[in-house]
Amino acid sequence: MTSRADTNTEGGEPSQGPLAVGSSSSSRTIFTVGCPLAALLIPLKLPLAYAVLAPMIVLWAVSLVVNPESRRLELRERKVLVPLSLFFLACAVSLIIGINPRNGFSSIVSLFFFAGTIMVFLRHAPFTQTSAAIIAGQSISAIHSVLEAAAPAWVPPLFQGKVTESGQLAVTTVVAIGLLWHFASALPHRSYGRGRVAVGILLSVLLLSLSFRAEEGLSQGVSLAIAAATALLALLNIRHSLHASGAAQRVATLAAVQLPLLLSTLVINLKRGPWLGVLAGTAVFFAFYARRALAALIALSALAVVALAPVRDRLAASYEHFTISGGRSTMWRIAVDLAAEYPLGIGYHNSGVIRTLAPEIPQELKHFHNNLLNIVAETGWLGAAFFIWFVIALLKCCFADRRNIAAVGMGCAIISWQAAGLVEYNVGDSEVLILVWMLVGSLLFSLRAADAHSHSSARQ
């Protein structure tokens, strides 16, 4: 079954999309190269992604003046972007009337400017192209994270920190699962996809064993043997992927190479919020397409808890970490008190006040570790209502047609994003937020392209 999100977009020039008509050849080239490059870089280095994104956003802003057609939005797009725009407006108003307007000025400018990422990708970037680039960048980062965990003395930090990487993985992993299902549905023999998944599970086991070798007390000889087996299996998987073609190649790459890297890194980073998010998003996806796989998901999760002491210890310490002095229970109580005292919000990016209200909170913590509480405290109840409206509208857009597997996978990734946000403020992490903006814009691009293709076919 072919996903409608990518009809008439795969294999062609992304700049041929419905919003790119009338643009010059040079600008089309900039967007054709720039969108996937920015998507590749966002999991690696934010400044590099900014350097690619900023010129494209400026070009898009110029196009609003010189090309009136570029301002047109379809009803589906307005349903998603109007509540988001109102949320941005609430952020600006809360900053103006908040406790310290100067504190969040640069942040609100950045928020407004890089929100243009949505429109750039809506005009020029198919969903599968953007997703593939993000997953590729995330896989490169994951390789580094695995090596760093296996040999911390030899591998220096290069890319995002564990918090940011895990926040991105909460979205990217579920998108990758959706894409895997989308491409596997096009294969004539489902057993091929199942075989690749089995190989991927084996690679994940090897990667986790190698990464947690010190915690599990593995000897140097055993560790070297595992490293050799991991490298051999990875190379065989890559070789197999290169010899396949079309949907088979994408299934082989995702299931046997990229997903094992993403899932292993998700476990290695030991961040409970993203664990919760990926479990929730994947469970919803399986409820749509493979209910029997829910049992396998639960079994594999339980096995990871039982087999890996660091995972088991991390979960066992959850209540203690929540109730400790200066922990989330303290932060959430302060957020509730501020929301009651300031119904219009204390002002965007002013959550750093938490440290003055509770000195026991560590100095490096500047927010409330919960998306909804942070948004209510900063932008008020109205801002929170607009944000909830945006999330619901986006989910409706993603789940409108369950035949569209890639779009449903994106909806489940949004669920994962917000489920992880129950215990962290990932809306305030630029690396995560811009990644979401890229995916949202690309999804709208492909849905519009699919509509244009079906209308054209109907006329013929």
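**Figure 1. Overall view of the chain.** The chain contains 19 helices and zero strands, where helices (H or I, at least four residues) and strands (E, at least two) are DSSP runs numbered from the N terminus. This is a predicted model, in which local features need pLDDT of at least 70 and side-chain atom pairs count only at pLDDT 80 or more, while totals for chains, interfaces and linings use all residues. Residues are numbered from 1 along each chain as its sequence is written, and side-chain values use heavy atoms, with hydrogens and water left out. A compact globule of 460 residues would have a radius of gyration near 23 Å, and the 22 Å of the chain agrees with this; the radius is taken over C-alpha atoms, and the globule rule is 2.2 Å times the number of residues to the power 0.38. Along the principal axes, the C-alpha atoms fill a box of roughly 70 × 60 × 40 Å. Of the 460 residues, 52% count as buried (buried means under 20% relative accessible area, exposed over 50%, and partly exposed in between, with a 1.4 Å probe and protein chains only). Among contacts in the chain with a separation of 6 or more, 78% come from residues 24 or more positions apart, a contact meaning heavy atoms within 4.5 Å.

**Figure 2. The aromatic pair of Phe 88 and Trp 437.** The structure holds 17 aromatic pairs, a pair being two rings of Phe, Tyr or Trp (its six-membered ring) with centres within 6.5 Å, where planes under 30 degrees apart count as stacked, over 60 as edge-to-face and the rest as tilted. The pair of Phe 88 and Trp 437 is edge-to-face, because the ring centres lie 6.2 Å apart and the planes stand at 80 degrees. Since Phe 88 belongs to helix α3 (residues 75-97) and Trp 437 to helix α19 (residues 430-459), the pair ties together parts that are 349 residues apart in sequence. Phe 88 counts as buried at 9% relative accessibility, and Trp 437 is buried with a relative accessible area of 3%.

**Figure 3. Phe 387 and Phe 390 in helix α17.** The aromatic pair formed by Phe 387 and Phe 390 is tilted, with 6.2 Å from centre to centre and 50 degrees between the planes. Both residues lie in helix α17 (residues 371-398), three residues apart, which is about one turn of the helix. An α-helix has 3.6 residues a turn, so residues three or four places apart point the same way. Phe 387 and Phe 390 are both buried, and they belong to one aromatic cluster that also contains Phe 87, Phe 88, Phe 112, Trp 417 and Trp 437.

**Figure 4. Helix α13 and the helices it packs against.** In helix α13 (residues 309-316), the buried residues are Ala 309, Pro 310 and Val 311. These buried residues pack against α10 (246-268), α11 (272-289) and α12 (291-307).

**Figure 5. Two loop residues with positive phi.** Leu 270, which is a residue other than glycine, has a positive phi near 55 degrees and is placed in the loop between α10 and α11. At 21% relative accessibility, Leu 270 counts as partly exposed. His 369, although not a glycine, has a positive phi of about 55 degrees, and its place is in the loop between α16 (354-357) and α17. With 12% relative accessibility, His 369 counts as buried.

**Figure 6. Ile 415 and its contacts.** Ile 415 is found in helix α18 (residues 405-420) and counts as partly exposed at 23% relative accessibility. Not counting residues up to four places away in sequence, Ile 415 touches Ala 280, Gly 281, Val 284, Leu 395 and Phe 399. By contrast, Pro 260 lies 155 residues from Ile 415 along the chain, with 21 Å separating their C-alpha atoms.

**Figure 7. Ile 238 and His 243 in helix α9.** Ile 238 lies in helix α9 (residues 220-243) and, at 39% relative accessibility, counts as partly exposed. The distance from Ile 238 to Val 257 is 7.0 Å, C-alpha to C-alpha, across 19 residues in sequence. His 243 also lies in helix α9, and at 65% relative accessibility it counts as exposed. His 243 and Ala 255 are twelve residues apart in sequence, with 15 Å between their C-alpha atoms.
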